[in-house]
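I opened my notebook to look up two spots, one at a time. Here is what I had on screen.

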Amino acid sequence: MEKETNKRQYLLADRKSHPQDSVIEIGGGDVESVKIGGGNFRIIAGPCSIESEEQIIETAKSVAASGAGLIRGGAYKPRTSPYTFQGLGKEGLDYLAKARSIVKKPVVSEILGTEHLSEYENVDMFQVGARNMQNYELLRALGRQKKPVLLKRGMSATLRELLLSAEYILSEGNPNVILCERGIRAFGHYTRNTLDLSAIPVLKEMTHLPVIVDPSHATGRAELVAPMALAAVAAGADGIMTEVHPDPAKALSDGMQALNLAEFAELAKQIEAIRPFAYRKK
Ligand code: PEP
Ligand code: MN
């Protein structure tokens, strides 16, 4: 093992070792194969939590028809309080698999621990949440398999720490990592977190891995999701992940930040309209 130094150490994630953008392929087989990175832009949409079979199927059908390339839905939820809804667990993953087989789009769901790995057979991309960004055992385990991993930035993590977490996955042999900026802790209290928009161009310089943005957790407020999503697109993000619920007022988690189905459809149109003007380094 090399001596600890101040040099970058994110050897495989480093743009210097791999000048071209990485393109990550998600899905395939019985669902569509979708690319993110290297000019391939995708929207991921769906509820914070899978609450019922009807809820995930209705949401998946609607967001897929409005332009989402991938469907999200949480089954194992890392909630701040142990007394709030913790997700439906394996039952939720079964409902998500059903939605997947209907809309034929790849799905992404958060994994909290290695003990659940075998339950994610019908999940096309693992999500590692902000709270688990430095769960190195989980990262290593996800590095020992081939499915893509959506790695969210910890709420107080530096970009170097985010890339070193990605390195845990890459160094085990899985090159399929997508990074997600989802807001960091700052002193403002008007929003749930503070969206670090500059992380997009900075990460693009540091690494070849795709960078997407989650404006839902970044703001915590539905009315701020569209402006921040559009800002992220303009700044050069490779994708957007938003929380969408058929009836946000009744959501069992994160209802305040969820778009309804019509609001999502409108946002997807606006994203499409500004995409040609998004910043791209020549
Ligand atoms: C989520 O995407 O549902 C989630 C829990 O996000 P984060 O890990 O960014 O808080
Ligand atoms: Mn959420």
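My entries below cover a ligand site and then a single residue.

**Entry 1: the ligand.** I noted at the start that this is a predicted model. Which residues surround ligand 1? I listed Arg72, Lys77, Glu110, Gln127, Gly129, Ala130, Arg131, Lys152, Arg182, His217 and Glu243. I then sorted this shell by residue type. It holds seven charged residues, three polar ones and one nonpolar one.

**Entry 2: polar contacts.** I looked up distances from side chains to oxygen atoms of ligand 1. For Arg72, I found a polar side-chain atom 2.8 Å from a ligand oxygen. For Lys77, the distance from a polar side-chain atom to an oxygen atom of ligand 1 is 2.9 Å. For Arg131, an N or O atom of the side chain lies 2.9 Å from an oxygen atom of ligand 1. Next I looked up how much of the ligand is covered. Ligand 1 taken alone exposes 290 Å², and the protein buries 97% of that.

**Entry 3: Val225.** I moved on to one residue. Where is Val225? I found Val225 in helix H7, which spans residues 222-234. Is Val225 buried or exposed? Val225 has a relative accessible area of 0%, so it counts as buried, the cut-off being under 20%.

**Entry 4: what touches Val225.** I left aside the neighbours within four places in sequence. Val225 is then in contact with Pro215, Ser216, Thr219, Thr242, Gln257, Leu259 and Leu267. I picked out Gln257 from that list. Gln257 is 32 residues from Val225 along the chain, and their C-alpha atoms are 7.5 Å apart.

Key. Residues numbered from 1 in each chain as written. Chains lettered and ligands numbered in written order. Predicted model: local features only at pLDDT ≥ 70, side-chain atom pairs only at ≥ 80, totals over all residues. Heavy atoms only, no water. Near = heavy atom within 4 Å. Polar contact = N/O pair within 3.5 Å; in protein donor to acceptor, adjacent residues only side chain to side chain. Areas by Shrake-Rupley, 256 points an atom, 1.4 Å probe, with all protein chains shown as cover. Nonpolar A, V, L, I, M, F, W, Y, C, P; charged D, E, K, R; others polar. Helix = DSSP H or I, 4+ residues; strand = E, 2+ residues; numbered from the N terminus. Buried < 20%, exposed > 50% of the residue type's maximum accessible area, 1.4 Å probe, protein only. Contact = heavy atoms within 4.5 Å.
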